[in-house]
Amino acid sequence: MKLRVLCLDIEGGYGGSSRSLFESVRHFGDADLQIEVWCRRDGPIQARYKELGVKCSVHPEMPHISSLPRLSRNFYVFSKFFAFTWRRSLGFRRELQRAAMDDFDVIHFNHEGLFLLARWLRRRLRKSVSLTMHIRTHLPSTLFSRWQYRSITQTLDECIFITENERGKTLELTGKQPRGEVIYNIVSPLDRVEADHQLAGLPEFKLVSCSNYAWLRGNDQLVEIAVELNRRSKENFKFVVAGQMKLTGSLPGRLGEIAKSGGSLVDYAKKLGVSHMFRFLGPIPDPSPILEACDVLVRPSRSNDPWGREVLEAMGHGLPVLAVGACDTFVEPGVTGNLYAEFDAVAFADDIIELSENPDALASMGQASRDRIATLCNGPERSSDLLKVWRRLSGRA
């Protein structure tokens, strides 16, 4: 009998976790595997699964939530979640329970934001159905995060960590060595991707960011870098920003003022007088042509995570990466880019200017980035690693 696996995806192709799952599925190529994907969000990924012959459906009531840095915000969002989102998801939960009992050997939760759904399902399933989950983000060290990770480790048969750092964070928050393996995300060879013509034609040195706005991602700090470059009268730079840039939640200072009026990062750049240095693209289904047209990826996050999907994809396109963090598995200072212990607009600006004036260093770092991704993020090898986990848990190793 074929190994039957159901994967739950919260993004529908508009985020890194969704694209990473697709790459794993795309490389399975196994006649003994029957895989199905349920997406919470309608998006470009459904058509791509259809091309693979993989059944994919949309379930907008799929409930997901993760802890936030501030205690007050956690109380607010979780109260709202249980009062509205969780109650409305009852029909979906019952559908998932029936499918898990009758149709699948493994249920894979593709993001830790599905932890409450996994916990609910575990209590209603026979033990012969295995539950696995990808741990993809670095949550803040809060009481809510500790509760979330403890729920995950108590519920799941095994976790898949995208780097050693997520496994270490889980150990830190739970105090116990978690069950699971580190399997790096897949990035496919990108030699045949054609650059976006409009962006490629721009004369400026192009600095790219490909992630939806979030306070921890630090997208707003791109504007601070632009302000520093502008202060030095450096006019030959263009920030290319892809993703949803609406400012949400409780934000400090001018960001908070703009957020309260329903504004976005576009308005923030205007407020600081550097909108001419930006090209905001909005959400895009495939960042590859954008990355291919740019020179350097800038990731000024507020957390130690220089290994996100945008980092790996940019490196796969031969871009050096400038990021905040300490882990040098992917971004190695002086080899594939540079790391900063904390955000410093002056330091970012210094390195951006230096790379723009040194094409040999830019090319060398770009090739080193491409080589590293080809080694660590190999599609057939990493997808085989994941499939081995599912087979072992199902007794088919």
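**Exercise 1. Which residues line the largest cavity?**

Before starting, note that this is a predicted model, where local features need pLDDT of at least 70, side-chain atom pairs count only at pLDDT 80 or more, and totals for chains, interfaces and linings use all residues. Residues are numbered from 1 along each chain as its sequence is written, and side-chain values use heavy atoms, with hydrogens and water left out.

*Solution.* 
- Step 1: On a 1 Å grid over the protein atoms alone, a cavity is a set of points where a 1.4 Å probe fits but cannot get out, and lining residues have an atom within 4 Å of a point.
- Step 2: list the lining. Ser-20, Ser-24, His-134, Ile-183, Tyr-184, Asn-185, Ile-186, Arg-382 and Leu-386 surround the largest cavity.
- Step 3: sort these by class. The lining splits into 4 nonpolar, 4 polar and 1 charged.

**Exercise 2. Find what lines the second largest cavity.**

*Solution.* 
- Step 1: collect the residues. They are Ser-209, Ser-211, Arg-217, Asn-219, Val-298, Arg-299, Pro-300 and Glu-310.
- Step 2: class them. Here we have 2 nonpolar, 3 polar and 3 charged residues.

**Exercise 3. Locate the charges that sit over Trp rings.**

*Solution.* 
- Step 1: apply the test. NZ of Lys or CZ of Arg must be within 6 Å of the ring centre and within 35 degrees of the ring normal.
- Step 2: take Trp-86. Arg-93 lies over its face, at 4.0 Å from the ring centre.
- Step 3: take Trp-215. The charged end of Arg-302 is placed over this ring, 3.4 Å from its centre.

How values were computed: On a 1 Å grid over the protein atoms alone, a cavity is a set of points where a 1.4 Å probe fits but cannot get out, and a pocket is an open set with protein on both sides within 12 Å along at least five of seven lines; lining residues have an atom within 4 Å of a point. Ala, Val, Leu, Ile, Met, Phe, Trp, Tyr, Cys and Pro count as nonpolar, Asp, Glu, Lys and Arg as charged, and the others, Gly among them, as polar.
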